[in-house]
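Biologist: I am new to this structure. Can you show me how to read its interfaces and its helix packing?

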There are 4 protein chains.
Amino acid sequence: HRPMSLIGGMNVIESRDLVMRVAEAFVQATGELSLPYIFKASFDKANRSSIHSFRGPGLDEGLKVLQEVKQTFGVPVLTDVHEISQAAPVAEVCDILQVPAFLARQTDLIAAVAATDAVINVKKPQFMSPPQIQNLVGKIRECGNEKILLCERGTCFGYDNLVVDMLGLRTMKDCSDDAPIIFDVTHALQTRAAGAAVSGGRRGQIAELGRAGLAVGIAGLFLEAHPDPDQALCDGPSALPLDLIKPFLTQMKAVDDLVKSLPALVID
Amino acid sequence: HRPMSLIGGMNVIESRDLVMRVAEAFVQATGELSLPYIFKASFDKANRSSIHSFRGPGLDEGLKVLQEVKQTFGVPVLTDVHEISQAAPVAEVCDILQVPAFLARQTDLIAAVAATDAVINVKKPQFMSPPQIQNLVGKIRECGNEKILLCERGTCFGYDNLVVDMLGLRTMKDCSDDAPIIFDVTHALQTRAAGAAVSGGRRGQIAELGRAGLAVGIAGLFLEAHPDPDQALCDGPSALPLDLIKPFLTQMKAVDDLVKSLPALVID
Amino acid sequence: HRPMSLIGGMNVIESRDLVMRVAEAFVQATGELSLPYIFKASFDKANRSSIHSFRGPGLDEGLKVLQEVKQTFGVPVLTDVHEISQAAPVAEVCDILQVPAFLARQTDLIAAVAATDAVINVKKPQFMSPPQIQNLVGKIRECGNEKILLCERGTCFGYDNLVVDMLGLRTMKDCSDDAPIIFDVTHALQTRAAGAAVSGGRRGQIAELGRAGLAVGIAGLFLEAHPDPDQALCDGPSALPLDLIKPFLTQMKAVDDLVKSLPALVID
Amino acid sequence: HRPMSLIGGMNVIESRDLVMRVAEAFVQATGELSLPYIFKASFDKANRSSIHSFRGPGLDEGLKVLQEVKQTFGVPVLTDVHEISQAAPVAEVCDILQVPAFLARQTDLIAAVAATDAVINVKKPQFMSPPQIQNLVGKIRECGNEKILLCERGTCFGYDNLVVDMLGLRTMKDCSDDAPIIFDVTHALQTRAAGAAVSGGRRGQIAELGRAGLAVGIAGLFLEAHPDPDQALCDGPSALPLDLIKPFLTQMKAVDDLVKSLPALVID
């Protein structure tokens, strides 16, 4: 069994300096814990609830920052794409291209991303059942790309709330012919007050939810952090405080190590 | 009170001839019933579950067909757009531009559609609570377009099923400062067998669900029909057989007329 | 087609005088509208969220009041039972025995109620799918009672919220071999603030939800009213103000009359 | 931190011999693993979906069997009660009285159970939000009993499916003033085919779901096993094969030990 990978970083590129600071913290912690690590940050939050919310620096500026992370720290980087035209330029810098949940069924975007030959991280839409992942993965494979990560980030549960169906993780794996399953513990913490212009979150419960996901036995974790979550420009209520990365990941790795050391319990 | 409008047509442009046949049937029925009518068909099904499914003729060919409908029958036409670049050319032909549910939070697409000065029909995403419509409508208005229709098409209810929350229709109206509410009775019939590559539907229940929606008191209905639903290239299980348009709409109009003749029952 | 029946009254017997006042208002309104009418009130709210909430006068006192309603107004009466031992004495007074939603799968209670030879009104549990009604009805029939009413009162939708699946009404009818379907529009309005000791409600939307349910085409409506809902001892937020019974029922009857006059739209 | 307790046994008392066999297997495995252990079996399945399903030996015969388990193996025993009159006699034999999920809001049953001075294990209803546990626990405490266990067994998720909201476990603990949280991993595996007379289950996923629950950090696990699940008279599809108790519990204990050794990660 391979140890858990970590896709970690910050929600949106707030500034070059903040990105470097976040990346450094992740690089240091994952280095000390010997966890394979990929940096993540978005250059554009293209689907904010409110038009007044911060979106990010955009493609060109964002890619420069991601390139600097890559060169400075020698780690692979991931970002999400929202338009067909973004796939190729993003793939020149990024090792993993992420398809946002809302866009995961847009065939042309999937095709454009698949054509880059980068690894693809698909966020499972909150409106999609685990077995439907089969069609989603089928699309990518038909486009000739087999390097697929599947990312769970919670499923709609009534209004303005998400729930993680732990039983769905294996279904995703089984119906995708064994694609690695990543658990986005940050997004899964989201909730929203009725009518609110921005999402709320339950970051105080990140450790217990993260442990639960890793206890199932998965390939990796997806995590967003911020030096001051209350001041974050997007999704702060779900973000891990930066100074807790090391103790948080220590817990996650311990659960992952344990679970992967256990013999399989095969039940007919 | 204004009588219900009908946005009706077929799911996807299967051929020019079929579109003309469907449009003729709708024009005739709505004419006889004196219902304001807008023709609807998609030129591209950009988010089919399976990559092997039929998508449609594409933008150029599709717009020609829609233009022919408009000229032949003298009715406004509606289609949905999936890319920013499609907004302007579509608006040269179509009177109403539709934003698909999955894309309803993509800010740039909303902005491009709003900039056309066409009427915008936004499908409420199945993952969005009714009060969240406030942010969605706010985006469009910030972009300078006030001609907004809001279309209910069902909300995620567990896996692979939709439910129409009849209480949400007024919430949508109230939180949008009185945007007209349209009920997509066709899409709301969708369901899906676990793991299936295509959606199923409950077209046998279209009359009762349509009556329920109109009984709430709304601006209009959205309806897809097909001469032979079992042979339809998309969403046949939810489509109304073409020869039932008239008796179906007769029922809908009767409910709409009645409900709009009733005095409001104001309860504190 | 038979016109809609009304099961109407108040949530819990707050006092003899109040019951008589409520019953009189219902008798008068349904008489003027020629609606078959059954009076409803509970003698015990046996499952209040909080132990501090008002429960009612209890079995003996409650039956006296129901008996007085029956004699004074000459209408059949309904109440709900919670214990096996209550079935027989309640059936001496009441024409319809109601099985509460939470208790609808308690086999011995079902058997006791079925043995009385009264009509049985089963509230569909908020945790039960429509097709499961088949097992529930099967239990009652095995106990030798065929006089079954099935009452929809909303289904769990996320936390602390209910949704009425209008498509489920026909499923309930089909899988019960045509039991009459009653729609409890009052209970379906319930919602609850997180952690609250009592339910909230959306009585301001009762007319639109009631019209929607009747527009499907059902046997009857279940309705609770109160002279002053804000002072009601149970479920006031969902109750109809007593002085609106007539205008409310006028709307409901109009929808019911219309829908039952429409020809069936049979779709393969 | 105290190690996890196990409430384990079989769904329903199928026979005295089978109960003794199941109890012996649990006693041996939990002894070898040094896990505090309570035997569980039901004497009556009072709410089977179908009236034709096996219910069990009844109160008198069932208590004799439970008494024999207690004496033979020297372990505490638990069973569930469904009627007020059962509370006292059951408490003469059983150390823990369980309130079934459907009955958890029946005030009189709660009062009767609380009056016995036994420990009470309350199954959280699948229709109840975690914060509502506050009212439920409040009822029991008002009745003078503070020895409360709260048991999660899944929440309604659409029709005929359950989901375990791992974030709810802490909510239950917080809003109950720190009642021990038990996770019924067996029941949480239930699902049901539309219209089926009996529940299905996902016992093949019991290890991953059990690990996830324990990884959150809880007081104990609730588990049903059977020598031959396919022949079990109730809920076999969710039961653990008897010969897997030891390897299964070994995994659970390993996760529990690890999680309880980790320092708390307090996030504001």
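Modeller: Start with chains A and B. This is a predicted model. In it, 39 residues of chain A are in contact with 39 residues of chain B.

Biologist: How much area do chain A and chain B bury between them?

Modeller: The general idea comes first. Interface size is often given as the accessible area lost when the parts come together. Here chain A and chain B bury about 3,600 Å² between them. Carbon and sulfur atoms account for 51% of that area.

Biologist: What rotation superposes chain A on chain B?

Modeller: A rotation of 180 degrees, with 0.0 Å of shift along its axis. The RMSD is 0.0 Å. The two copies are thus related as by a two-fold rotation axis. The same surface serves both: 100% of the contact residues of chain A recur in chain B.

Biologist: Now chain C. How many residues of chain A are in contact with chain C?

Modeller: Four residues of chain A are in contact with four of chain C. The buried area between these chains is about 360 Å². Carbon and sulfur atoms give 78% of it. A:F157, A:G158 and A:Y159 supply 89% of what chain A buries against chain C, more than any other three residues.

Biologist: Let us turn to helices. At what angle do the axes of α7 and α8 of chain B cross?

Modeller: Two packed helices are described by the angle between their axes and the distance between the axes. In chain B, α7 spans residues 206–216 and α8 spans residues 245–261. Their axes come within 8 Å and cross at roughly 20 degrees. That makes α7(B) roughly parallel to α8(B).

Biologist: Is the crossing of α7(B) and α8(B) left-handed or right-handed?

Modeller: Right-handed. On α7(B), the contact residues include B:I206, B:G210 and B:L214. On α8(B), they include B:F248, B:M252 and B:V255.

Biologist: What classes of residue make up the contact of α7(B) with α8(B)?

Modeller: The contact has nine nonpolar, two polar and two charged residues.

Methods: Residues are numbered from 1 along each chain as its sequence is written. Chains are lettered from A and ligands numbered from 1 in the order in which they are written. This is a predicted model: local features need pLDDT of at least 70, side-chain atom pairs count only at pLDDT 80 or more; totals for chains, interfaces and linings use all residues. Side-chain values use heavy atoms; hydrogens and water are left out. Copies are superposed by least squares on the C-alpha atoms of residues with pLDDT of at least 70 in both. Contact means heavy atoms within 4.5 Å. Axes are lines fitted to C-alpha atoms, for helices over the stretch in contact, and angles run from 0 to 180 degrees between N-to-C directions. Helices (H or I, at least four residues) and strands (E, at least two) are DSSP runs, numbered from the N terminus. Angles under 35 degrees count as roughly parallel, over 145 as roughly antiparallel, 65 to 115 as roughly perpendicular and the rest as oblique. A crossing is left-handed if the near helix is turned anticlockwise from the far one by less than a right angle, and right-handed if clockwise. Ala, Val, Leu, Ile, Met, Phe, Trp, Tyr, Cys and Pro count as nonpolar, Asp, Glu, Lys and Arg as charged, and the others, Gly among them, as polar. Buried area is the accessible area (1.4 Å probe) that two parts lose on being put together, summed over both.
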